[in-house]
Amino acid sequence: MFDSGVGGLSVLAELRKALPAAPIIYAADNAGLPYGTKSEAEIAARVAGLLGRMTERFRPRLACIACNTASTIALGMARDVLHVPIVGTVPAIKPAAGLTQTGVIGLLGTAATIRQAYVDNLEAEFARGKRLIRHAAPGLVEAAEARLRGLPVPASVFEEAAAGLRAQADGERIDTVVLACTHFPLVQDELARAFGPGVRFVDGATGIARRIASLTQGQAYARAIPDYAVFTGGPLDSTLLPSLARYGIERAEVF
């Protein structure tokens with residue numbers, strides 16, 4: 001399971017429910033964090049290159065890109081060059097369109113994600129007749145990373161993200177918010193307080209877990225060693241270890 005940082009843990013939590021016996025290697029490209037400020041070319045080259053080296057070393061039966069930014073940009077390239085099934089992460093616009101009562105949906109993501117034609121296509125296909133309002137909230141990535149390290153995060157970070165959607169035309173009518181970055185569900189409670197009552201949040205983690213379960217249906221699992229994490233940047237941050245343990249990751253090393 002690959003992400004730029006700890007955001008993919010929100011997907012891992014759902015995968016644990018679907019496939020509790022599946023052995024997991026969690027891969028965090030913390031040396032490349034954040035992805036949202038990088039160019040498409042940088043992200044595509046970095047993700048495809050890292051996944052290539054990681055699949056050669058670890059020989060997984062499946063790889064999951066648990067990152068919206070990486071998936072919307074590099075998923076096609078990765079599938080072209082790697083000989084392993086790859087499950088990506090895309091903004092949950094389809095389920096959000098089915099949930100909204102007002103017809104106005106907010107989408108929070110990184111700057112790189114919200115500008116992608118991939119998102120335009122999802123909107124055109126699944127949210128026709130609805131209004132989708134997008135806002136880049138890179139501060140939420142930093143907030144999620146800090147929270148998992150036990151560091152305080154000011155409420156203003158979440159209030160600014162909510163205000164970025166609410167301040168746009170029809171923003172006051174938003175009743176459903178797509179969390180289009182896997183980091184963001186890690187701070188969903190704080191976002192809920194910032195938006196106030198009457199707003200539902202949607203992300204793609206449950207759908208990803210179902211897809212992985214479908215692709216591996218009937219396969220046998222045997223966890224020979226405890227699940228662990230690899231990080232691309234060192235030295236390892238020991239403040240993350242207690243949070244990783246809550247997600248079933250018992251040790252970490254530098255890739």
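Predicted model: local features only at pLDDT ≥ 70, side-chain atom pairs only at ≥ 80, totals over all residues.
Glu-123 is partly exposed, because its relative accessible area is 23%. The structure as a whole contains 12 salt bridges.

A further salt bridge joins the side chains of Arg-149 and Glu-145, at 2.7 Å from N to O. The two partners can be described by their accessibility. Arg-149 has a relative accessible area of 22% and is therefore partly exposed. Glu-145 has a relative accessibility of 9%, so this residue counts as buried, the cut-off for buried being under 20%.

Which residue forms a salt bridge with Glu-190? The partner is Arg-147, and the closest N and O atoms of the pair are 1.9 Å apart. Glu-190 is part of helix 9 (residues 188-195) and Arg-147 is part of helix 7 (residues 138-148), so this contact ties together parts that lie 43 residues apart in sequence. Glu-190 is buried, because its relative accessible area is 14%. Arg-147 has a relative accessible area of 29% and is therefore partly exposed.

Salt bridges can also be joined to one another. Arg-16, Arg-223 and Asp-227 are linked in a network of salt bridges.

## Cis peptide bonds

Most peptide bonds are trans. Where in the chain do the residues Leu-33 and Pro-34 show a cis bond? The peptide bond that runs from Leu-33 to Pro-34 is cis, and its omega is near 0 degrees. Pro-34 is located in the loop between strand 2 (25-28) and helix 2 (40-58).

Gly-234 and Pro-235 are also joined by a cis peptide bond, with omega about -5 degrees. Pro-235 is found in the loop between strand 9 (228-231) and helix 11 (241-246).

## Positive phi angles

Most residues other than glycine have a negative phi. Arg-59, which is not a glycine, has a positive phi near 50 degrees. This residue is placed in the loop between helix 2 and strand 3 (63-64). Is Arg-59 buried or exposed? Its relative accessible area is 68%, so Arg-59 is exposed, the cut-off for exposed being over 50%.

Asp-170 is not a glycine either, and its phi is positive at about 70 degrees. Asp-170 lies in the loop between helix 8 (156-166) and strand 7 (176-179). With a relative accessible area of 29%, Asp-170 is partly exposed.

## Aromatic rings

The count of aromatic pairs comes to 3. In one of them, the ring centres of Phe-58 and Phe-255 are 6.0 Å apart and the ring planes stand at 50 degrees, so the pair is tilted. This pair links distant parts of the chain, with Phe-58 in helix 2 and Phe-255 in the segment after strand 10 (251-254), 197 residues apart. Phe-58 is buried, because its relative accessible area is 19%. Another aromatic pair consists of Phe-195 and Phe-201, which is edge-to-face, with 5.7 Å from centre to centre and 75 degrees between the planes. Phe-195 and Phe-201 are both buried.

Ring pairs also connect Phe-58, Tyr-228 and Phe-255 into a cluster. What sits over the ring of Tyr-228? The charged end of Arg-251 does, at 4.2 Å from the ring centre.

## Two crossing helices

Helix 1 (residues 9-18) and helix 10 (residues 205-215) have axes that come within 8 Å, and these axes cross at roughly 45 degrees. The two helices are therefore oblique to each other. The crossing in which helix 1 passes helix 10 is right-handed.

Notes:
Residues numbered from 1 in each chain as written. Heavy atoms only, no water. Salt bridge = Lys/Arg side-chain N within 4 Å of Asp/Glu carboxyl O. Buried < 20%, exposed > 50% of the residue type's maximum accessible area, 1.4 Å probe, protein only. Helix = DSSP H or I, 4+ residues; strand = E, 2+ residues; numbered from the N terminus. Phe/Tyr/Trp six-rings, centres within 6.5 Å; stacked < 30°, edge-to-face > 60°. Lys NZ or Arg CZ within 6 Å of the ring centre and 35° of its normal. Axes fitted to C-alpha atoms, helices over the stretch in contact; angles between N-to-C directions. Parallel < 35°, antiparallel > 145°, perpendicular 65-115°, else oblique. Left-handed = near helix turned anticlockwise from the far one by under 90°.
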